[in-house]
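Q: I'm new to this protein and would like to learn how to read its features. Could you walk me through them step by step?

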Amino acid sequence: MAITLGPNQYGKAEVRLVTVEREGTVHHLKDLTVSTSLRGDLAATHLTGDNADVVATDTQKNTVYAFAKEAPVGEIEDFALRLGHHFVGSHQHITGARILIDEHGWNRISGHDHAFSQASSEKRTTAVTVQGDQAWVVSGLDDLVVLKSTGSEFHGFPRDEYTTLAETNDRILATAVTARWRYQGDGIDWTTSHAEVRRILLETFADKHSLSLQQTLYAMGEAVLKEREEVAEVRLSLPNKHHFLVDLSPFGLKNDNEVFYAADRPYGLIEGVVLRDDAEDAGLAWHTLAAF
Ligand SMILES: O=c1[nH]c(=O)c2[nH]c(=O)[nH]c2[nH]1
């Protein structure tokens, strides 16, 4: 029997980085969580503990902070690309890097130059993979919570001895959108693209008369691909945040779709990928070594 080392990567997870850019008395805030992972010929450290080729995770963390000082962080996609190319370009045994960045939003307190309130739980994200001189960018958003109070139905599903769910022609549809989209092509204006994809996701959720959350998922992905040619594919994860009608009949009251119980768990989880057939090859864009 032979035992070998399989795929591996290592890095510093969740480096918390906040930058303040001063424009006179007006300050601009960026609040990021950056994770770095390096790949390459790292057999020695795993097999013998020889660390000659191991760029310490502490060094990776320091590089994030130093890069944030040396040039404005700018857009998270560009910052991740700079870091990825640096690690791959400056250490011979490091042939690949994967940089994940979450951006946490802050809103300026109206009329104040340097005071902010935290936006919401929504995050803008990017995952950049560099391998040699190639790079792939997958951006997205987490926890964009949306609800529509009508324009959603769910019926026609099979019934067996375990089915209790009532069919409905009018229900609340609510979800917390996790979206990832893979970019293709060059010269992308990351911020504009992100804002546009977000707008399209929201508008489609609102406009599409829904017969299932699955149908809404497909419509959201399809709309992004139709309008944004720089996007090759969209992946969506949509928890169905159930709102159940409360039975008010014990109190002699009729519930005309007005009083709901917002259930926390369990929740349906609807996930899917929407693709264009002429998309650029995905390469290592989605590559993950997640073991657990
Ligand atoms: O939009 C829905 N899709 C389902 O698959 C499902 N299953 C369920 O119980 N409610 C819903 N709603």
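Predicted model: local features only at pLDDT ≥ 70, side-chain atom pairs only at ≥ 80, totals over all residues.

Q: How many helices and strands does the protein chain have?
A: The protein chain has five helices and ten strands. Its C-alpha trace spans about 75 × 65 × 40 Å along the principal axes.

Q: In what order do the eight strands of the open sheet come?
A: Two strands count as paired if DSSP finds at least two bridges between them. Here the order is S1-S2-S3-S4-S5-S6-S7-S10, with antiparallel pairing. Strand S1 (15-23) and strand S10 (268-275) are the edge strands, each pairing on one side only. For a close-up, take S2 (residues 26-40) and S3 (residues 94-108): they run antiparallel and are joined by ten bridges. Asp31, for instance, stands opposite His104 in S3.

Q: Which strands does helix H2 lie across?
A: Residues are in contact if their C-beta atoms, placed from the backbone, lie within 7 Å. Axes are lines fitted to C-alpha atoms, for helices over the stretch in contact, and angles run from 0 to 180 degrees between N-to-C directions. Helix H2 (residues 57-70) lies across S1 and S2, and runs at about 10° to S1. Helix H4 (residues 190-207) also packs on the sheet, where it touches S4 (116-131), S5 (134-148), S6 (173-183) and S7 (231-240). The direction of H4 makes about 35° with that of S5.

Q: What share of the 292 residues is buried?
A: A residue is buried if 20 or more other C-beta atoms lie within 10 Å of its own, exposed if 12 or fewer, and partly exposed in between, with C-beta atoms placed from the backbone. In this chain, buried residues make up 27%.

Q: Which residues touch the most other members of the largest nonpolar core?
A: A nonpolar core is a set of buried Ala, Val, Leu, Ile, Met, Phe, Trp, Tyr and Cys residues joined through C-beta atoms within 7 Å. The largest one holds 48 residues, and Ile99, Ile101, Leu201 and Val224 touch the most other members. Domain 1 (8-132) and domain 2 (142-286) both give residues to this core, so the core lies between them; those bounds come from an automatic or database domain assignment.

Q: Where does UniProt place the feature "active site"?
A: UniProt positions are given in the numbering used here, feature names are shortened, and annotations may be inferred rather than shown by experiment. The unreviewed UniProt entry gives Lys12, Thr57 and His242. They span 231 residues in sequence and the farthest two C-alpha atoms are 42.0 Å apart, so they do not all gather at one spot.

Technical notes
Residues numbered from 1 in each chain as written. Helix = DSSP H or I, 4+ residues; strand = E, 2+ residues; numbered from the N terminus. Contact = placed C-beta atoms within 7 Å.
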